[in-house]
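Student: I have a model open and want to talk it through. Can we go piece by piece?

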Amino acid sequence: MSVGIIMLVHTAFGRAEQVARHWAASGCPLVIHVDRAVPRATYDAFVQALSDVPHLRFAPRHRCEWGTWGLVAATQGAAEIMLRTFRDVRHVYLASGSCLPLRPLQELVDYLDARPRTDFIESATIAEVPWTIGGLDQERFTLRFPFSWRRQRYLFDAYVALQRRVGVRRRIPDGLVPHMGSQWWCLTRQTLSAILDDPNRRAHDRYFKAVWIPDESYFQTLARRYSRRIESRSLTLSKFDYQGKPHIFYDDHLQLLRRSDCFVARKIWPFADRLYEAFLTDQAGAMKRTEPDPAKIDRIFAKAVERRRRGRSGLYMQSRFPGEGHGGGLTCAPYSVFEGFGDLFENFEAWLARTCGMRVHGHLFAPDRAAFSDGRSVISGALSDSAALRDYNKRAFLTNLIWNTRGERQGFQLGPGDHIEDVEWDIAKDPNAQISVISGAWAVPLFRSNADFGDIRRAAARLQRIESRHLDVLRSQWARARVRIWTMAEVIEAPMEPLQTLLDEIGRQGPQTLAEAPRMADLTGFGQFLQNLRNQGMHPYLMGDFPVDEAPRNLPRDGRKPYLVRPE
Amino acid sequence: MGAWQSYRMRLRRKRARIRAFRKHFSLRPVADRTDLIRQGDVLLFATLRDEHVRLPYFLRYYRDLGISHFLIVDNDSNDGGADYLARQPDVSLWSTRASYKHARFGVDWLNWLQGRHAHGHWTLVVDPDEFFVYPFCDTRPIRALTDWLDTSRIRSFGAMLLDMYPKGPIDAVAYRAGQDPMEIAAWFDSGNYTIERNRLYGNLWIQGGPRARVFFPDAPKKAPALNKTPLVKWDRRYAYDSSTHMLLPRGLNLTYDAWGGEKTSGVLLHAKFLDTFTAKAEEELTRGQHYSASVEYKAYAGIAAQTPDLWCKWSEKYINWRQLEILGLMSKGNWA
């Protein structure tokens with residue numbers, strides 16, 4: 001047989017035995033290395049269990065801790081035995097005890113027979129691939145790492161810091177260009193023996209003993225030196241998560257692995273009975289039933305890494321709770337906030353909902369209750385309109401609302417009469433918020449109310465104070481929302497401009513020009529009303545300049561009829 | 001965190017251990033099968049009282065997940081549940097007539113038993129009406145999860161409490177022994193939860209759901225906490241501080257990511273609102289053994305006269321864990 005298998009085993013011996021027998025049944029010579037940390041009794045039992053398998057050798061045992069030289073030493077020892085004992089072997093395949101052959105061995109043999117001079121080893125220069133697990137790339141090769149990253153993290157970090165401070169740099173042996181890649185490779189006898197019989201091997205070994213994670217760089221670097229033909233990829237399917245740990249395959253990955261098109265997969269959960277059964281008993285049948293789709297595995301695992309690193313923006317839940325400024329915007333989707341429009345235009349909410357096809361709520365932060373659209377008391381996600389529940393955590397109320405209704409754009413009214421403290425900052429800082437303000441429009445309901453003038457005056461003073469502070473928030477340097485502010489006077493001068501602007505931003509259904517516009521409130525005598533406030537010592541200024549003695553210019557003289565904004 | 005605060009937390013943890021020691025004298029072993037526990041077994045701990053009708057399904061559900069041994073404290077049951085449990089081959093049972101409240105709602109008892117029997121094991125602490133759901137729980141046993149947590153060097157796993165309720169009055173449909181309670185209490189609230197971070201303990205404080213919506217619409221602060229960390233690789237130095245909401249040392253509470261990523265998490269389906277709830281509520285009102293002077297049962301009794309229906313038009317019907325993950329109630333994290 002032209003392919004020999006080296007197996008590194010440290011756990012799940014039952015499965016390792018199963019896989020070893022599977023390789024052996026196809027006539028492959030095997031050399032198995034068992035971690036020295038494994039108790040003697042377990043090792044003996046394992047050796048005993050495999051004693052009837054022909055063409056199988058056990059390699060001298062080394063202690064194989066993750067990221068240490070032991071793994072390389074173990075591989076070297078096993079490879080020497082392999083090359084010495086089994087002279088027919090042309091390719092040596094490095095696998096682990098938790099690898100699972102997916103395709104019949106004959107296919108691997110045929111594949112390698114067709115490429116007798118090719119070494120399959122993932123091997124990239126650090127300059128090109130930023131493998132920065134632990135924040136180290138180039139320094140893996142220029143510092144010393146005598147301490148265990150797993151067990152002696154403090155010493156590990158301290159020693160790295162010390163070397164950086166002192167400025168120690170190891171010299172890389174002549175002729176070596178550091179390369180890194182997956183530790184699971186398949187090398188030709190020529191390349192492997194050249195590495196192992198190199199006259200400078202002692203120097204190489206000495207150097208790599210102090211490199212960090214040498215099993216990802218020793219063969220990868222030296223193969224570059226000797227190989228005549230490298231295919232820089234691993235024949236073993238192995239996916240890594242964001243910490244550099246291999247993803248584990250379970251029974252429910254069966255379909256995925258069937259479509260992977262790889263020869264060997266790693267790593268398999270030892271109790272994944274269905275996988276072992278499917279691929280070790282009826283391999284040909286297992287793979288042939290489906291079209292290969294190796295990209296699907298990539299997508300699934302890339303998504304998992306993405307989810308762990310970035311998560312779903314705008315989602316707050318038990319295992320994702322980003323602090324302020326982290327994890328993207330506050331909310332998950334764009335939404336609109338309208339201030340003053342509902343006061344100035346009589347049927348604004350209904351008109352907007354009709355024109356834009358978005359969900360338009362009333363004053364969500366009103367003192368009595370959250371005025372959801374259509375007067376509902378509960379909406380998506382079972383979000384309640386209770387003012388107490390809302391005020392208990394207004395930010396959560398807002399983020400929940402936007403999250404629950406993702407897929408449908410939300411808009412709501414806001415005004416100085418609402419409970420806006422705190423949440424106004426959240427909205428202003430949220431890049432998803434699009435805020436349109438008609439300043440001073442809160443005076444319209446007061447103007448039209450039937451209250452005593454003294455009460456009106458007090459209310460006006462209060463609302464103006466709140467809105468003035470609120471506008472400062474919207475204009476502050478921390479605001480990230482899209483904010484547009486018109487004074488009421490500007491809107492009355494040219495009512496279509498703000499409406500057109502906000503429709504352009506939201507994106508409208510139907511024709512590009514406005515077919516229908518909302519009705520503006522009757523403002524006859526509004527100028528006088530403002531003057532009366534002034535006369536009482538309360539200066540309304542947020543609405544802009546209104547002439548005192550006549551109705552605003554664009555309004556018809558006949559004040560009894562409501563003014564209709566017409567499309568221009 | 002200052003050294004002083006760390007020291008205070010250390011004292012708190014010691015105190016919890018001492019309390020556990022003091023309270024363990026009231027525990028009387030009824031069936032001690034702990035010699036059956038093997039290395040690597042996942043253990044389940046629970047305290048209960050008069051839950052016989054729930055037990056058959058409870059045991060079946062967790063056996064199917066791959067729980068190897070149940071360690072249960074029976075707090076003075078009168079419904080034959082204790083005898084039923086004592087007969088089960090994989091249950092170790094202790095009984096006590098001491099006060100549930102004085103044992104900090106059972107936490108002291110379980111802390112003691114965990115310290116004794118669970119050192120080095122993954123432990124799941126749940127109530128008989130809580131059903132643990134985690135990513136891939138329909139295809140992977142719990143051992144797959146704990147093995148993965150081990151390789152990822154994660155010691156604790158969060159699973160928020162999700163209140164399940166039926167459509168219509170809570171007591172309209174009678175629950176039969178052995179039945180899946182989610183056949184009746186099939187509905188839940190998907191998006192009305194609020195979260196605060198507890199700066200001292202580092203855990204998240206989650207409230208909301210149907211209980212906040214219906215029982216506490218005017219006093220949301222009183223709504224019960226829903227954050228839980230039920231699955232922990234136990235060490236005898238650990239202690240639950242307040243139910244399974246908080247753990248000490250504090251690092252175990254960090255089951256969430258604060259930088260925008262999602263950690264892997266599960267959900268505890270809380271099938272409390274079955275027809276058995278009405279009777280329980282009445283009993284608890286007289287016993288006063290529950291949290292914060294049984295405020296929840298009082299709130300319930302207050303609206304019980306109006307035939308409470310927790311269901312609303314926007315309730316979600318439970319399908320499976322994938323639905324919960326899409327809704328954002330739990331996450332696969334980087335477990336794929």
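Student: Where is B:Pro249 in chain B?
Tutor: B:Pro249 sits in the loop between strand S14 (246-248) and strand S15 (266-270) of chain B. Helices (H or I, at least four residues) and strands (E, at least two) are DSSP runs, numbered from the N terminus. A cis peptide bond joins B:Leu248 and B:Pro249, with omega about -5°.

Student: What should I know about the model and its numbering?
Tutor: This is a predicted model: local features need pLDDT of at least 70 and side-chain atom pairs count only at pLDDT 80 or more, while totals for chains, interfaces and linings use all residues. Residues are numbered from 1 along each chain as its sequence is written, with chains lettered from A and ligands numbered from 1 in the order in which they are written.

Student: Back to cis bonds. Which peptide bond is cis, with omega near 0°?
Tutor: The one from A:Arg266 to A:Lys267. A:Lys267 lies in the loop between strand S12 (264-266) and helix H11 (273-281) of chain A.

Student: How many helices and strands does chain A have?
Tutor: Chain A has 23 helices and 21 strands. Its radius of gyration is 36 Å, well over the 24 Å that the globule rule gives for 568 residues, so chain A is more spread out than a compact globule. That radius is taken over C-alpha atoms, and the rule is 2.2 Å times the number of residues to the power 0.38. The C-alpha atoms of chain A fill a box of roughly 110 × 60 × 45 Å along the principal axes.

Student: And chain B, how many helices and strands?
Tutor: Chain B has 9 helices and 16 strands. Here the radius of gyration is 19 Å, close to the 20 Å from the globule rule for 336 residues, so chain B is as compact as a globular protein of that length. Its C-alpha trace spans about 50 × 50 × 40 Å along the principal axes.

Student: What percentage of the residues in chain A is buried?
Tutor: Buried residues make up 43% of the 568 in chain A. In chain B, 51% of the 336 residues count as buried. The cut-offs: buried means 20 or more other C-beta atoms within 10 Å of the residue's own, exposed means 12 or fewer, and partly exposed is in between; C-beta atoms are placed from the backbone.

Student: Which residues of helix H2 (residues 55-65) of chain B are buried?
Tutor: B:Leu55, B:Tyr57, B:Phe58, B:Leu59, B:Tyr62 and B:Leu65. The buried residues of H2(B) pack against several elements of chain B, among them strand S2 (42-48), strand S3 (69-75) and helix H5 (142-151). Just after H2(B), B:Gly66 takes a positive phi of about 110°.

Student: What is phi of B:Phe136?
Tutor: Near 65°, a positive value in a residue other than glycine. B:Phe136 lies in the loop between S6 and H5 of chain B. With 19 C-beta neighbours inside 10 Å, B:Phe136 counts as partly exposed.

Student: Now A:Leu102, buried or exposed?
Tutor: A:Leu102 has 23 C-beta neighbours inside 10 Å, so A:Leu102 counts as buried.

Student: At what angle do the axes of H7(A) and helix H9 (residues 218-226) of chain A cross?
Tutor: Roughly 110°, and the axes come within 9 Å. Axes are lines fitted to C-alpha atoms, for helices over the stretch in contact, and angles run from 0 to 180 degrees between N-to-C directions. H7(A) and H9(A) are therefore roughly perpendicular to each other.

Student: Last topic: how many residues of chain A are in contact with chain B?
Tutor: 48 residues of chain A are in contact with 50 residues of chain B. On the chain A side, the largest share, 7 residues, comes from H13(A).

Terms used:
Two residues are in contact if their C-beta atoms, placed from the backbone, lie within 7 Å. Angles under 35 degrees count as roughly parallel, over 145 as roughly antiparallel, 65 to 115 as roughly perpendicular and the rest as oblique.
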